[in-house]
Each structure stands twice: as C-alpha cells, then as structure tokens.
Amino acid sequence: MFSRAVASAFRPVSRPTFLRPVRSAIQFPSGPSIPSVLHARLLSNETRTAIDKAVSSAPVVLFMKGTPETPQCGFSRATIQILGLQGVDPKKFVAFNVLEDAELRSGVKEYSEWPTIPQLYLEKEFIGGCDILMSMHQNGELAKLLETKGVLVAADE
Amino acid sequence: MLPRSLPGLLPRRLFSVSARMASNTPLEDVMRDKIVHAFTPSRLEIRNDSHLHAHHAAMEGSTSKETHFHVTIVSDSFESKMQPARHRMVYALFKEEMAREGGLHALQLKTKTPAEEQREKERKEKA
C-alpha cells in the first residue's frame, strides 16, 4: 500500500513522448510501513533518490498541485500559464502532481528547502516558486534564462 | 491620521492596548513582529488574502481567517542575495506556522532591497 502510493506520486502528469515513465525506474523497497507522521518530518534516502530522478527527468520540471490541464491551485495555474506564455517546449517539460501522494508532497518541500508548491526546476537547479517566476516573467529574466537553456519552442516552428 | 489632540476622542494609547488584548489578527500580528525584528524593513505590507481562497478544496474544514497572505518586504537584509535565498529567509521565520495544520497555507512574497525599489520606481516614472 505504502510503496504503491509512493511510486504513483512520481508518475509525471505530463511528459514528453520520448521519455519512458520514470515510475518504472523508481522502485521503493516495501519495508515495514512507518507512521506517516514520521515521514512528514524525515526525507528518506529512497525519497531523495526518487526526487533526484524526477528532477532530472526533463530540462524543465514543475512540482505542482493538479495537472497542467486542470491545476488544483491558483499558484500552480499561474505558473503553468507563465511557462505557456514563455513558450516552453512541451517536449522538454515534465510536471509532477504532488496531490497524488503525500510522500512526494512533503518530500519535495524538504528536498528543495521550500515550504510551498509549485516549485520549478531548470536543468536540476531550483529556480523558485510562483512569486519568483512571476517577477522573473515580468522583468524579462525568465525569458532570458529559458532562452539560454534552450528549452523554448523554436521560433520558426 | 487621527486628530489626537482633539478633546473627547478616545486616547490612542488606550485604544491600541485594548485592540492588542483581543486581536482579530493574531497570526498577522506575529508575522509583523517577526519580520520587523528580523529584517527591520524600510517598508512592510501585509495583506490578508484568506477570504479569496476560503472556497479552496485545501481549505475545507478550516475555520481560520488567516491562511493566505501577501507580504511585501523592503529591507537591506536582502542585499546581494538571490530571490530564492530571500524567500527562504522569510520562510524560515514562519517554519512552525507553515507546518502547523490549519496554520499559514500560502505566503506570497515580494522581497526587495531599498535600492531595487528605488530603481523600480524610477522605471515606472519613465514609462
């Protein structure tokens, strides 16, 4: 029960077609279950490794509430809209729905040392949450950064 | 501005003391105290947006009127720090409040230095 729930959390809700689901790559040992209250405070090595893999599963990785099609939170929605406006290439983008699993939801907060969702990673580097993306979107920094990293849809396509 | 010197008005000091004893915004008060103490901001705005989010699924069963805040902090403490580092400094202040069930659910942040705010103002004036 526990391991299944964990594995499902790391299924990307949106992924490029050429990428295999990371789910199969991430298998958690189904050891004795630990009370979830302990898990909320302790990022296990397994979870850290799983999030490591999630973060490296695409150049642009977003941890969000809900899916890009149906975000479950206004801040996640705003972030998706910003990435859309910037023209991020869907083939270079993966989103993970933290609402699918409590382990991912609490784990990623500790992993990033960031207490809120959404969280954006660009080439494995933590960029920020919704406010930071919004201000970077407005002052032009985000466009520059995404351009430099080559994760935008080519203009002539 | 209250015309404090006018006779017949409730003295301001008395008013503020009674307000503190039965604050309707205990969390906001704590936030203000902590931020002022940690960053001695040249400008601090705390806006309670909780009513805008009361219908959220995540807020089901919550009775708190203090769950969503938008905070603008202008402080020298942010000098030469990137935005994520600045936000982490603020989050660190409210670790307990954010972790607590029914506590602080969302904290929107604007963190600027006085110099950045000045530049922003000048840009706006030019535009």
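In chain B of this predicted model, residues 24 or more positions apart supply 64% of the contacts that have a separation of 6 or more. The chain holds six helices and three strands. Read from the N terminus, its elements follow the order α-α-β-α-β-α-α-β-α. Chain B has 127 residues, and 32% of them count as buried. Its accessible surface amounts to about 8,700 Å², with 56% belonging to carbon and sulfur atoms.

The surface of chain B carries a patch of positive charge, formed by B:Lys110, B:Arg119, B:Arg123, B:Lys124 and B:Lys126. Helix H6 of chain B, covering residues 114–126, gives the largest share of this patch, namely four residues. B:Lys126 lies in helix H6. This residue counts as exposed because its relative accessibility is 77%, and the cut-off for exposed is over 50%.

Chain A can be described in the same terms. In chain A, 69% of the contacts with a separation of 6 or more are between residues 24 or more positions apart. Its secondary structure consists of eight helices and four strands. From the N terminus, these elements are arranged as α-α-α-α-β-α-β-α-β-β-α-α. Of the 157 residues in chain A, 48% count as buried. Chain A exposes about 8,000 Å², and carbon and sulfur atoms account for 53% of that area.

Terms used
Residues numbered from 1 in each chain as written. Chains lettered and ligands numbered in written order. Predicted model: local features only at pLDDT ≥ 70, side-chain atom pairs only at ≥ 80, totals over all residues. Heavy atoms only, no water. Patch = residues over 30% accessible without salt bridge, like charges linked within 9 Å, V, L, I, M, F, W, Y side chains within 5 Å. Areas by Shrake-Rupley, 256 points an atom, 1.4 Å probe, with all protein chains shown as cover. Salt bridge = Lys/Arg side-chain N within 4 Å of Asp/Glu carboxyl O. Lys, Arg positive; Asp, Glu negative; His and termini not counted. Charge placed at Lys NZ, Arg CZ, Asp CG, Glu CD. Helix = DSSP H or I, 4+ residues; strand = E, 2+ residues; numbered from the N terminus. Buried < 20%, exposed > 50% of the residue type's maximum accessible area, 1.4 Å probe, protein only. Contact = heavy atoms within 4.5 Å.
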